Amino acid sequence: MNRLVLIRHATSGWGNPTLPDHERTLTPNGHAEARASAQWLAERVVTADLMIVSTAVRAITTAEYFSRALRITDKQFVTTRSLYECDAAGITDQISWLTLPVMQTVIVVAHNPTLTILAEQLTRGKVVSMVPCAIVSIVFPAGTQWGRLHEGDLEFCADPTGILP
């Protein structure tokens with residue numbers, strides 16, 4: 001089985017109007033969301049083979065919580081500016097080069113509306129919206145090539161409202 005986990009960055013702030021969007025940071029609530037959500041995911045997914053992350057500060061900060069909880073190494077943690085403003089096809093392009101059986105579980109940490117659109121496409125509309133720090137896991141039959149992802153089965157969809165203590 002191959003697993004694609006989509007994670008929207010946690011809640012970020014607009015407190016500093018002079019700060020470029022790419023540099024926005026997480027709010028205190030965003031840090032709590034990321035911490036709790038990362039622990040929740042670590043209890044369900046042992047680890048991942050690769051984590052691909054937008055270079056936006058809020059995405060990297062969110063991903064760092066998940067990488068610690070899942071014990072993802074620096075070598076498995078890849079940032080790319082192309083996830084910052086891409087469409088759903090841009091995300092699938094980012095993972096299309098991955099090979100099996102080396103990469104069986106891949107995590108993407110990025111932004112909306114792209115993540116919601118991709119999740120809707122891959123789950124036949126079972127995912128309607130991804131709130132900040134939402135996690136969607138989609139599984140595909142063993143041997144599915146990463147460059148040929150079409151429809152998978154929704155393994156789970158969680159958001160911080162059901163995770164935070």
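Predicted model: local features only at pLDDT ≥ 70, side-chain atom pairs only at ≥ 80, totals over all residues.
Which backbone nitrogen does the side chain of glutamine 76 reach?

1. Glutamine 76. The side chain of this residue reaches the backbone nitrogen of threonine 73, at 2.8 Å. Glutamine 76 is located in the loop that runs between helix 2 and strand 3 (77-80). Leaving aside residues up to four places away in sequence, glutamine 76 touches Ala48, Asp49, Leu50, Met51 and Arg71.

2. Burial and packing of helix 1. Buried positions in helix 1 are Gly30, Glu33, Ala34, Ala36, Ser37, Ala38, Trp40 and Leu41. The packing partners of these buried residues are strand 1 (2-8), strand 4 (105-110), strand 5 (135-140) and strand 6 (153-158), together with helix 2 (57-70).

3. Geometry of helices 3 and 4. Two packed helices are described by the angle between their axes and the distance between the axes. For helix 3 (residues 88-95) and helix 4 (residues 114-122), the axes come within 8 Å and cross at roughly 75 degrees. Helix 3 is therefore roughly perpendicular to helix 4.

4. Residues at the contact of helices 3 and 4. From helix 3, Ala88, Ile91 and Thr92 meet Thr114, Leu115, Ile117, Leu118 and Gln121 of helix 4. By class, the residues of this contact are five nonpolar and three polar, with no charged residue.

Methods
Residues numbered from 1 in each chain as written. Heavy atoms only, no water. Buried < 20%, exposed > 50% of the residue type's maximum accessible area, 1.4 Å probe, protein only. Helix = DSSP H or I, 4+ residues; strand = E, 2+ residues; numbered from the N terminus. Contact = heavy atoms within 4.5 Å. Axes fitted to C-alpha atoms, helices over the stretch in contact; angles between N-to-C directions. Parallel < 35°, antiparallel > 145°, perpendicular 65-115°, else oblique. Nonpolar A, V, L, I, M, F, W, Y, C, P; charged D, E, K, R; others polar. Polar contact = N/O pair within 3.5 Å; in protein donor to acceptor, adjacent residues only side chain to side chain.
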